Amino acid sequence: MQTAEPQRASTPDQRPLQVDGLAKFRALVSSAFVPLKITTERDEPFAARSASAQADDVVFTEIAARPHLVERTPENIADGGSGYYKVSLLLAGTSILVQDGRELVMRAGDLSVYDTSRPYSLLFGEDFRNLIMMFPKDRLDLPIPFTEQLTAVSLSQEHQGLAPVVSAFLSQFPAQLTPLDERVRAKLAHTSLDLMGTLFSSILDADPAQRDPHQMLLQKITGYIDQHLASPELSPGTIAQAHYISTRHLHALFRQAETTVSTWIRERRLERCRADLLDPVLADRTVAAIASRWGFADAAHFSRVFKTAYGVSPSELRLS
């Protein structure tokens, strides 16, 4: 949840911004995303254009620039900005992405993902245009170890049916997002995250022969939890019983995913409540009704855990 994240990008909505000079571009990119090292071997003057829009902690940034190298070094990581995924949709040009020992050559139309918590590099050898969607890793309804398998992998090649749908949706941002109402933008941000989670899950499901059986079982369990979040009967005992395993085995699976069963359920329920609170269609529904809908029987308890997670109370979120 948000309380565990070390740094959040505070990127304001911008009109297209022209940047002349590598030093200015380096400062812009590091403030818009996370601390990065940017260099170029070209003698020609450096220039770039950038436009950004933010919605509910999801930042969409389009950059057009001259050739350069982007590196996320251990020193950069120590300066902050871990805890995010960056999804790249290359709109023009070519690039080479390297992370976790994998190297990916990206061409126009390719969709890929990388993790700000670990070193990576991006080499742009020619003029390019790139759209980046950056969001906290815990906003996906997938255990983090699952998604780590997809860094520096061509999502477009891994799922040629769904990836173009996701790319077409993302390509509308940030230009189309900026003029919209905040609640509408939040709804579209949630849709973007849902699409991304669906794409990741579909890719992971497509090649079960190479998957760890424990991870396959955990993914099945997290899917079951999502389907039963509204049930007051949802508990480690009922989850274990539904999957014919012991509660001890269940807890061990979630420890491997660096979380707990209770934490996972609570975070998913809070995310559903947060989405409902921001949904203009549900504006006439009380906070207590929304909390009850997602398994929080005590409205006062819900308000406390919600504020702990997001820094604002449910009522304050609705007024923001």
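How many salt bridges does a search of the whole structure find? In this predicted model, the search finds 16.

One of these pairs joins E71 and K37, with the closest N and O atoms 4.0 Å apart.

D100 pairs with R118, the closest N and O atoms being 2.7 Å apart. D100 sits in the loop between β7 (94–99) and β8 (102–107), and R118 in the loop between β9 (111–115) and β10 (120–124). D100 is partly exposed, at 34% relative accessibility.

D115 and K137 form a further salt bridge, at 2.9 Å from N to O. This pair links strand β9, which holds D115, to the loop between β11 (128–136) and α3 (144–147), which holds K137. D115 is buried at 0% relative accessibility. K137 is also buried, at 9%. A network of salt bridges links D100, R102, D115, R118, K137 and E148.

The largest nonpolar core has 63 residues. Among those with the most contacts inside it are M133, F135, M196 and I225. Helix α6 gives the most to this core, with nine residues. A second, separate core has 28 residues, including F25, A32, L104 and L122. Beyond its neighbours up to four places away in sequence, I225 touches L234, I239, F254, W264 and I265.

S201 is placed in helix α6 (residues 182–206). S201 is buried, with a relative accessible area of 19%. Leaving out residues up to four places away in sequence, S201 touches L142 and Q219.

Notes
Residues are numbered from 1 along each chain as its sequence is written. This is a predicted model: local features need pLDDT of at least 70, side-chain atom pairs count only at pLDDT 80 or more; totals for chains, interfaces and linings use all residues. Side-chain values use heavy atoms; hydrogens and water are left out. Helices (H or I, at least four residues) and strands (E, at least two) are DSSP runs, numbered from the N terminus. Buried means under 20% relative accessible area, exposed over 50%, partly exposed in between (1.4 Å probe, protein chains only). Contact means heavy atoms within 4.5 Å. A nonpolar core is a set of buried Ala, Val, Leu, Ile, Met, Phe, Trp, Tyr and Cys residues joined through side-chain atoms within 4.5 Å. A salt bridge is a side-chain nitrogen of Lys or Arg within 4 Å of a carboxyl oxygen of Asp or Glu.
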